Amino acid sequence: MRDLAALLTVAEQAVDAGCGWLARAGEEWSARSFKPSGEEVTAADVEVERVVSQVLRRLSPGIPVVGEESATGRPLPPRCWLLDPIDGTMNFARGAPFHALSLAYAEDGAPLLGVIDAPALGRRWRTGAHDGPTRAPARARTVSEAVVGITGTGSGEARLVRRIALLQSAAYRIRMQGAMSLDLVGVAEGWLDACLCLGPKPWDVAAGTALARERGKTVLGAGGGEFVLGSPVLVAGAEAPARQILGMWESPPAGAGPDTTELRAPERP
């Protein structure tokens with residue numbers, strides 16, 4: 001039987017190694033190139049994945065590591081580590097601080113623990129930590145009251161643009177910060193009321209999903225069920241606004257656009 005406390009210790013040691021290497025890396029490591037998919041990647045992404053994976057294989061032999069830069073597209077193993085060496089590569093490559101190393105342990109597609117470290121911010125979040133509030137207060141009861149993070153909006157496809165416009169017209173404020181792991185941290189901590197992640201890969205959201213759920217947040221996938229790795233969409237937050245956002249995203253009113261008023265945010269006083 002797995003010992004989650006022991007695995008969390010392993011995860012933190014692996015993240016320490018990755019962040020330690022990143023702190024010593026020179027600027028040349030942040031030069032960007034492009035994957036066949038069109039996504040940006042840097043040499044640092046590849047090297048951090050190698051360093052973290054090396055520690056995980058040494059300290060938890062027998063548990064496969066599925067990392068963004070080496071993933072094959074095969075189904076996830078029954079138990080595995082899920083690693084995004086630098087979530088928010090576009091931010092990292094431009095010197096912006098909103099990027100993170102995200103590591104989770106999952107069984108049967110369910111994230112059970114996670115560590116997220118934002119080295120440029122000097123912050124780390126992990127499941128199982130009891131040195132702070134375990135439940136952020138719910139500030140928003142509806143979408144019109146909610147500050148909503150959106151990530152995964154790279155496509156300029158017209159339908160996507162219309163749906164984002166619909167959500168922007170309904171929410172109190174929209175934030176696009178470019179790192180799914182940190183949007184989920186924002187939900188867990190309470191600086192975001194909800195977040196919408198489009199096309200999330202398992203390594204993007206596994207650690208953040210585990211953290212948000214531990215903090216009492218709802219994490220939904222396609223169709224309104226509990227999010228499972230592989231779902232094409234993730235919405236997290238307090239249950240009521242999260243379900244409203246998912247409903248709007250999956251079934252926007254015909255012809256809806258920026259002028260939609262059903263759930264329009266209130267004017268500021």
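Contact here means heavy atoms within 4.5 Å. With that in hand, welcome to this predicted model: among contacts in the protein chain with a separation of 6 or more, 64% come from residues 24 or more positions apart. The chain holds 7 helices and 12 strands, where helices (H or I, at least four residues) and strands (E, at least two) are DSSP runs numbered from the N terminus. Of its 269 residues, 52% count as buried; buried means under 20% relative accessible area, exposed over 50%, and partly exposed in between (1.4 Å probe, protein chains only).

Residues are numbered from 1 along each chain as its sequence is written, and side-chain values use heavy atoms, with hydrogens and water left out. Local features need pLDDT of at least 70 and side-chain atom pairs count only at pLDDT 80 or more, while totals for chains, interfaces and linings use all residues.

**Two helices that pack**

- Two packed helices are described by the angle between their axes and the distance between the axes.
- Helix α4 (residues 158–170) packs with helix α7 (residues 239–250) at an angle of about 145°, and their axes are 9 Å apart. Axes are lines fitted to C-alpha atoms, for helices over the stretch in contact, and angles run from 0 to 180 degrees between N-to-C directions.
- On the α4 side, Leu 160, Arg 163, Ile 164, Leu 166, Leu 167 and Ala 170 take part, and they meet Ile 245, Met 248, Trp 249 and Glu 250 of α7.
- The residues of this contact divide into 8 nonpolar, no polar and 2 charged. Here Ala, Val, Leu, Ile, Met, Phe, Trp, Tyr, Cys and Pro count as nonpolar, Asp, Glu, Lys and Arg as charged, and the others, Gly among them, as polar.

**Aromatic pairs**

- A search of the whole structure finds 3 aromatic pairs. Rings of Phe, Tyr and Trp (its six-membered ring) pair if their centres lie within 6.5 Å; planes under 30 degrees apart count as stacked, over 60 as edge-to-face and the rest as tilted.
- One of them joins Trp 21 and Trp 29 edge-to-face, 4.7 Å centre to centre with 90° between the planes. Trp 21 is buried at 13% relative accessibility, whereas Trp 29 is partly exposed at 27%.
- Trp 125 and Trp 191 are also edge-to-face, because their planes are at 65°, with ring centres 6.2 Å apart.
- Trp 125 lies in strand β7 (residues 123–126) and Trp 191 in the loop between α5 (180–189) and β10 (194–198), so this pair ties together parts that are 66 residues apart in sequence.
- Trp 125 is buried at 5% relative accessibility, while Trp 191 is partly exposed at 37%.

**Charges over rings**

- Arg 163 lies over the face of Trp 249, at 5.9 Å from the ring centre. A charge sits over a ring if NZ of Lys or CZ of Arg is within 6 Å of the ring centre and within 35 degrees of the ring normal.
- Arg 173 has its charged end over the ring of Tyr 172, 4.7 Å from the centre.

**Two loop residues to look up**

- Pro 97 is in the loop between α3 (89–93) and β5 (100–107), and is partly exposed at 40% relative accessible area.
- Beyond its neighbours within four places in sequence, Pro 97 is in contact with Ala 120 and Leu 121.
- Thr 127 is in the loop between β7 and β8 (147–151), and is buried at 4% relative accessibility.
- Neighbours within four places aside, Thr 127 is in contact with Leu 8, Leu 113, Gly 114, Ala 210, Leu 211 and Glu 214.
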